Each structure stands twice: as C-alpha cells, then as structure tokens.
Amino acid sequence: MTTTALVTQRAFYIGNSLSGILFGVQLILCIESIHYLKQRPGGLTAFYIAFSLVLVFLNAVQLAANTLYGQFMWIEHGPNTPGGPFAYFENNTTWWVNTLGTAASLAGDIASQALLLFRCYIIMDSNIWSICIPILMFATSSTLGVVSTVESALPKHFIISDSVGRFGVPWISISVSFNVVVTAIISSRLMYIQHRLRNASLVTLNRRYSAVVAIMVESALPLAVSGVLFAIFYGKNSPSAIAFGNVWGSLVGVSPQLIILRLSKGITWTNGASGTGPEIEFARGAEIDVGLDEFQKENKATTDRLRIYEPAALAAMASAALTIQRAFYVGNALSGILLGIQVVFCFESVYYLKRRPSRMTVFYIWFSLALLFLNAVQVATNTLYGQYVWIEQGPSTPGGPMAYFEENTTWWVNTFGTSSSLAADVLSQALLLFRCHIIMGSNYRITLFPALMFFASTILGILSTVESALPSQFLLGDVVAKFGVPWISISVSFNVLVTAIISSRLMVAHRQLKRFTMATQRQRYAGVTALLVESALPLAISGILFAIFYGKNSPAAIAFGNTWGAMVGISPQLIILRLSQGIAWSGSTTTTGTGPTMHFAGRDLTQPIGVELGNFQSEETNKSFAPA
C-alpha cells in the first residue's frame, strides 16, 4: 500500500470518528436549545427551532454518508476490489451517496454563514456598511460551493484532484476567509464592549455578554480556526484535508447551534429591547437583552481452517466475518456519537456543580471526569483497533482484516479498553446503588440484594476481562463466555432490578404528589423524565439487548456492547446533571411518625431544601403526607 493511500484512509477514518463525536455534541445542544426556546416564546422562536433541526438533519446526512462510504470501502466491497480499499475509494467518490453528503455539507455551510452574517449585523448595531464585504464574500462563497459540488459529482473526479480543486480551493478559501473576517469583526466589537462594561463596574454583565466564552461562541472562533487548517491542507492537495474537512463540516453545525443556545437562554445580544429584563445602551444605540433565566443547562488458526472447508461452509464463515466487521464498525460509529453526548452532559454538570458548592461537589466533579475519561479510552481503543483492522495491518494479513481481528483481540490496547469499560460499569452501578438507597429512604433491606448482585457482577467482570486478555482467546469464544455470559447477565439484571425499584418508587410518589404540589413541581421531581433518568432505564434496555445477543454468541453483540458501554457513562452522568441543577432527590432522609419522608435536592446537594413531603401540611386538608 502506497503512502498516499495509507494517509488518505487514515484521514478519512479519523475524520469520521471525530465527526461522530461532534455530531453527538450538536445533537444535545440542539435539544437543549429547543427546550429553552419553548420556554421563551418570541417572534423568532419557530425560526430558530426549525433552523436548529435543519442543521442537525444536514450534519446527520453528511455523517451517515461518510460512515456508509467507509463501510463499503473497508468491509463490503473494497477488500474485493482490484487495488484494494483505496482503489474503491478513488473510483467511487462520485457515488450519489457521497454527492448527497457533500451537498448536505454545503447547505449546512451556507446556513451557518447566513446566521453568522445576521448575528454580525445585530452585534454591529444594524450597521449595514460594516457587513458589506462579508455579504459579498458570502454570496461568492455560496456560488463557488455549488459549482464545486457539481464538479465533484462528475465521473472520475476525486475530491482533492486538480479538476475539482480549481473551484474547490477558491470556495474553501473564500468561505474560510468569510469566517475569519466575521470572527474578527464580532471579536473586536465584543472586546470593546468588555472594556466599556469593566469601566462601568458591571462585572456580571461583562462576564455574561462579553467574556471569553461569549467572544468564542458569538464569533464562531472554533469554526474559523478549523476552517483555516482545512484550507491550508486542501490548498496543498494533502490527503489530511479529508480529516480536517470532516471536522470543519461538523463545526459548521456546532458553532451556530451554540449561538442559538445562548439566544434561547437570553444571554446573548438582541437588536432591541425585549422587555425581559434591564437593558444597557452602548454606542449607536446597541442594546443588550439581559435575560433573567438562571434555570439550567460512548486468529490465525481460523485462517488455516478456512482452507479445508467446503465452499458452502466457507461462504457461511465469510458471511459471519462480514457480520462481525459490520457490527464492530457500526458500534464504533454509535459510540463516538454517544461520547459526544456524554461530553456535553459532563461539562454542564461541572459548570452547575461549581455554582452550587457543597461537600459532595468535588466528589461529583471527579466522578464525572473519571466516567468521561474511561469512556473516552474505550472509544479511542476501539477506534484505533478498527484503524489497524481495516487500514494499517488487516489488508496485508493472510486471511484479510477478519483474520487480523481474531488474532489480535488480546492486544494490550483491547485489554486496556475492556478494563476501562469494566471500571466505568462498576462506577455506574455503584452510583445507581447509592441513588436507589437514597430514593428508598436509606432502607438497607431493600438494597441488600442489589448490593450482592453488584459485588458478584464486579468479580465476574474482572475474571472475564482477565480471561479475554489471555493468548488465543476471542471475545465471542466459549472460554471467555463462561465468565462473560454470567457477568453480563448479572450486570444487566442488576440494572433491571434497580430500575424496577426506583421506577415503582417514583410512580407511587408521582401519584401521591398530585394531592399536594403543582403540576410543574410534580413533573420535575417524579415525572417521566425523572423516572427515565433516576432509574437509568436506557441503560437497562441497552443492557438487555446486549445480554440477549451475547448469550446467543451473535456477532451483533459487538455493536450492542459498544452502545451499552457508552450508556454506562451517559446514564449516571444524567443523574449527576439533575443533582447539579437541584432537581433530583437529595441524600438526606428523615423519619416521621407516619413513615419515611422524601427530600429533594436544593442549593446544598446533601441537605433538603424546598419540598419536604413527609412533613408537608396542606392548609385545606391539614393532613400530613408520607409516601409509601
């Protein structure tokens, strides 16, 4: 394999992996934006919601197209193509799926630039003269982008070839230059405002509207930086441009979504007073809308045996090998997206925890970072193994990628990834057990059996991980399965049992809360969302699916296992996020004469604040409430 072929495939593979993580980030930002926009209805609410959904759809199309192309190149057709996967890559760049992905990327770029242009107009106090040059650059970039996309769809045209580059290079250059110019204009304006606010001693407003985070988000600085790197490598006709292009294409969706999220929270600039709070006027009548909302925020022996099998048996094994590779590839793609989602939840939790200091704050912060690190290690090791299977070593191994996959499952990188997954599972189960203990009123008799299951699951998980690291052992092999199946079964059973206990408790609380609290308060503490998060229901469901396929020794267990491993990080992180926002059950329970009481988290995560249901007295009924 030539150096160019190797570098190109590496760039495409790494670019796809990073795009998956960034798409997960964008997806959560979009959902949060819509949530806040619905709480702050206005003339542009419907527009921003539709805009957010369109951006997510376009990035989803781009990611799906690139992921599917990679699957066809490395698994479905590339290995059987004369010249290998790279020959398939070059010969099929004009496939309609690729053209659709490129068109979606272009549409996302145009939408992103249009929003940046509009925001620049607002921040510059509706001064049309200050954005004349960006308008011309926007129109030119859009035109060249359309021409370049059409050119790249013609037969025998490669994305970094000279024929495509004659339009592509000017398009990328002007598009990136537009981002840089708009970034410079907005940044300079916000730094000027920062200076004015500092002189006026308006520290809070300065931090909210013109601090470093505000400047980075409003000016779309990450998009400009990634675009500059992409333009440099694309102009040099370097294969690395593919990776930087994928990242840039993802940030085309993330950067404007961050702006919309700030808009939805009422902490960004408006072009006029909205009546939601005090206003401050600056040069030329620019106004800041100060929103008052403070709420919120993933073997060679086999090769030798193939030679003596009959054609029918050989075809069956080839089909199984194909299924295993598909499952591993799809599982890696989903894990990347889920890791991006976990990243957002983790940093939001840390942000809120720092604003609600308590003796448990440091613990929850480090717990969140540890979970994120462990899941990142798991995703990184699986991604690296896939790169070696399909790009680095697999194609040159006798028997192909599948032979390399089976021979190297005990590679230390895989063992490291499996150990990280086990550690994350243990941490996740420990938090769920603790939350179950809290929600059940610190009743040790109820949590005794789940605690025994937790210890049994941990021990079997360690034995299974050690066994899978021994030479000549395969993930789906019988030897590993003798520990793996009981481990997965008990681990998933633990999740299901704890989910059932917590769910039943919250459903009882929801029914009893109807008599004493408002609907909003009832939904916040014992509604559907609370039930889904506190009981870790998504983790239980994904675990059941994984256990079923793993018990059947099915290759599909690899994909479901990757998804379950990612949910092991997301589910407890969601619980911590609710704790950090003060809308989860607290760690303090008391006992009254009528039975156990329920406390909800308040400003101190370990002290009851707000609703104390055990001692709740209704003025009308004068009855004490104690949940069953």
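This is a predicted model: local features need pLDDT of at least 70, side-chain atom pairs count only at pLDDT 80 or more; totals for chains, interfaces and linings use all residues.
Residues are numbered from 1 along each chain as its sequence is written, and side-chain values use heavy atoms, with hydrogens and water left out.

The mean pLDDT (the predictor's confidence in each residue, from 0 to 100) is 76 for the protein, and 75% of its residues reach 70 or more. Over residues 272-310 the pLDDT is below 50, and this stretch has 103 contacts (heavy atoms within 4.5 Å) in the model beyond near neighbours in sequence. Residues 587-628 also have a pLDDT below 50, with 102 contacts counted in that way.

Helix 4 (residues 96-123; helices are DSSP runs of H or I, at least four residues, numbered from the N terminus) packs with helix 5 (residues 132-152) at an angle of about 175 degrees, their axes being 10 Å apart. Helix 4 is therefore roughly antiparallel to helix 5, a term for angles over 145 degrees, on a scale from 0 to 180 degrees between N-to-C directions. Among the residues making the contact are Leu106, Asp109 and Ile110 of helix 4 and Phe138, Gly145 and Val146 of helix 5.

Asparagine 98 is also found in helix 4, and it counts as buried because its relative accessibility is 10%, buried meaning under 20% relative accessible area with a 1.4 Å probe and protein chains only. Leaving aside neighbours within four places in sequence, asparagine 98 is in contact with Ala65, Tyr69, Asn92 and Thr93.

Note on methods
Helices (H or I, at least four residues) and strands (E, at least two) are DSSP runs, numbered from the N terminus. Buried means under 20% relative accessible area, exposed over 50%, partly exposed in between (1.4 Å probe, protein chains only). Angles under 35 degrees count as roughly parallel, over 145 as roughly antiparallel, 65 to 115 as roughly perpendicular and the rest as oblique.
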